[in-house]
Amino acid sequence: MAHLIEVAFRGNRKEFFSWTGETAPPLKAGVIVEADRGEDFGRVHSTGELAEVRCNGCAHGCGTNPPPRAALRLATKADEQLDRELTAENEDARRKSMERVKANHLVMKLTDAEWQWDRRKLTIFFTAERRVDFRGLVRDLAALFRTRIELKQIGVRDEAKRLSGVGRCGREYCSASWLPDLRPVNLGVAKDQKLSLNPQQISGACGRLMCCLRYEHEFYVLSRRKFPKEGKILTTSLGEEKVIACDIFNERITLRTAEGDSRVIALADLRSELDGLDQPTDHAHDDVPSHTAEYPVDAALHAMLDTVETEIAPLAASMAVITPERVFEPELVFVPERVSVPEPVVELVSAIEVFTPVANEPAIAASGETPDAAATERAEDEDAAGDATRRKRRRGRRGGRRLRAAEQRRQSEQDGTPMPSDSSNESGDDADDGDDNEE
């Protein structure tokens with residue numbers, strides 16, 4: 001029967017393998033496992049049910065599928081001695097690789113170097129802000145170490161996990177000691193925990209936000225659901241009080257009145273006090289809110305309904321009074337009986353009489369004018385405008401004729417010939433002069 005085991009390698013790297021023996025190997029025991037194009041040395045980290053749970057939940061787990069590789073055998077004393085020698089050579093390999101990086105003028109930082117147990121592969125881990133073309137570096141390292149070279153770029157959090165260290169709490173890094181996978185941490189997690197937003201105070205050795213902020217965040221979220229939202233105004237036995245602060249560890253709330261007096265009250269006492277005043281004790285993070293004043297959407301909805309009741313309803317009632325019921329029905333009514341033809345005609349005539357203005361209506365009589373007088377006045381205005389336009393055109397034609405006559409006189413004086421007489425022009429000028437006199 002195959003057993004599932006988790007094996008830890010150098011640099012806090014872990015993988016899952018299958019063990020074909022009758023019993024699983026003990027914890028911390030050295031084993032030789034199948035690696036990429038060879039064999040590698042590691043130590044058993046977990047077996048049995050713990051290994052199955054971790055395989056389903058860890059980032060490096062294989063889930064419900066069987067692991068693709070197998071653990072070959074237990075390590076002997078010679079295997080462990082060779083592993084210790086390779087560990088001492090890892091630092092030497094990193095220094096030589098760093099020299100080749102400087103020679104190729106590459107912007108990258110070599111974090112660690114790891115020899116495979118059978119010396120068939122050398123893995124070099126590095127960090128860089130941008131993508132690096134290291135093809136020339138791989139050729140140089142392959143010629144230097146005479147083995148297969150693998151360059152693997154990692155992040156700064158993975159770098160801290162490989163190198164390990166001691167945090168500001170005095171313990172080993174969580175990522176290097178027990179944290180199964182590295183999840184991203186954002187600044188909102190620190191805001192929920194009411195921590196200082198200074199990056200120097202909430203960042204770890206890697207320069208990123210500390211990993212412990214992530215797994216503590218769920219506790220703060222669940223605890224704050226019991227408390228009212230900060231800044232909310234509650235009506236207590238002392239009147240209206242504003243929530244200033246919430247102490248989730250001691251379950252106490254700080255309240256302040258409108259006069260500036262503050263008090264600290266336990267959460268249980270506040271709930272009993274609000275229950276005695278028959279007030280809803282909703283909380284900031286409840287799924288179903290019960291207080292409409294805290295949610296502007298509900299307040300806007302109520303305001304819209306009030307507008308409908310105060311403005312639209314009276315308007316509809318006034319329309320119902322003005323509109324004859326026999327013409328505009330509020331709803332469709334189906335009458336099974338036959339309706340004779342003259343009745344709809346009479347109703348249509350009555351509707352026209354109601355909405356069509358006539359000369360004898362009071363509204364028209366109040367203005368003091370009749371439709372005939374108004375039409376006559378508009379016709380007179382149009383005739384006056386037409387006469388003015390015609391007079392302007394006649395003036396323009398008369399001026400043109402006078403200019404042509406003056407030009408002919410100048411021409412005749414220069415040539416010494418008598419000027420011909422034009423009876424038509426004279427008559428036209430007289431006619432135009434008569435128009436001017438009329439004006």
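**Salt bridges, cores and pockets**

In this predicted model, the side chains of Asp 92 and Lys 96 meet in a salt bridge, with N and O 3.5 Å apart. Both residues sit in helix H2, and because they are 4 residues apart, about one helical turn separates them. Asp 92 is partly exposed, at 40% relative accessible area, and so is Lys 96, at 35%. Elsewhere, salt bridges that share partners tie Arg 13, Glu 15, Asp 40, Asp 112, Glu 114 and Arg 162 into one network.

Arg 13 counts as partly exposed because its relative accessibility is 23%, while Asp 40 is buried at 6% and Glu 114 is buried at 7%.

Next come the nonpolar parts. In soluble globular proteins, nonpolar side chains tend to be buried together. The largest nonpolar core in this model has 17 residues, and Met 108, Leu 122, Ile 124, Leu 137 and Phe 145 have the most contacts inside it. Helices H2 and H3 and strands S6, S7 and S8 each supply at least two residues of this core. Leu 122 touches, among others, Ala 93, Trp 115, Phe 145 and Ile 149. Another core, of 12 residues, lies apart from it and includes Leu 234, Val 243, Cys 246 and Ile 265.

What about the open spaces? The largest pocket holds about 480 Å³ of space. Of its 23 lining residues, Asn 12, Arg 13, Lys 14, Asp 158 and Lys 161 lie nearest the centre. Strand S2 and helices H4 and H5 each give two or more residues to this lining, which by class has 8 nonpolar, 6 polar and 9 charged residues. The second largest pocket, with about 340 Å³ of space, is lined by 22 residues, and Tyr 173, Cys 174, Gly 204, Met 210 and Cys 211 are the closest to its centre. Its lining has 13 nonpolar, 4 polar and 5 charged residues, with H4, H5 and H8 each supplying at least two.

Note on methods
Residues numbered from 1 in each chain as written. Predicted model: local features only at pLDDT ≥ 70, side-chain atom pairs only at ≥ 80, totals over all residues. Heavy atoms only, no water. 1 Å grid on protein atoms, 1.4 Å probe; cavity = no way out; pocket = protein on both sides within 12 Å on 5 of 7 lines; lining within 4 Å. Points joined across faces, edges and corners; volume = space filled by probe spheres on them. Nonpolar A, V, L, I, M, F, W, Y, C, P; charged D, E, K, R; others polar. Core = buried A, V, L, I, M, F, W, Y, C linked by side-chain atoms within 4.5 Å. Buried < 20%, exposed > 50% of the residue type's maximum accessible area, 1.4 Å probe, protein only. Contact = heavy atoms within 4.5 Å. Salt bridge = Lys/Arg side-chain N within 4 Å of Asp/Glu carboxyl O. Lists of a residue's contacts leave out its neighbours within four places in sequence.
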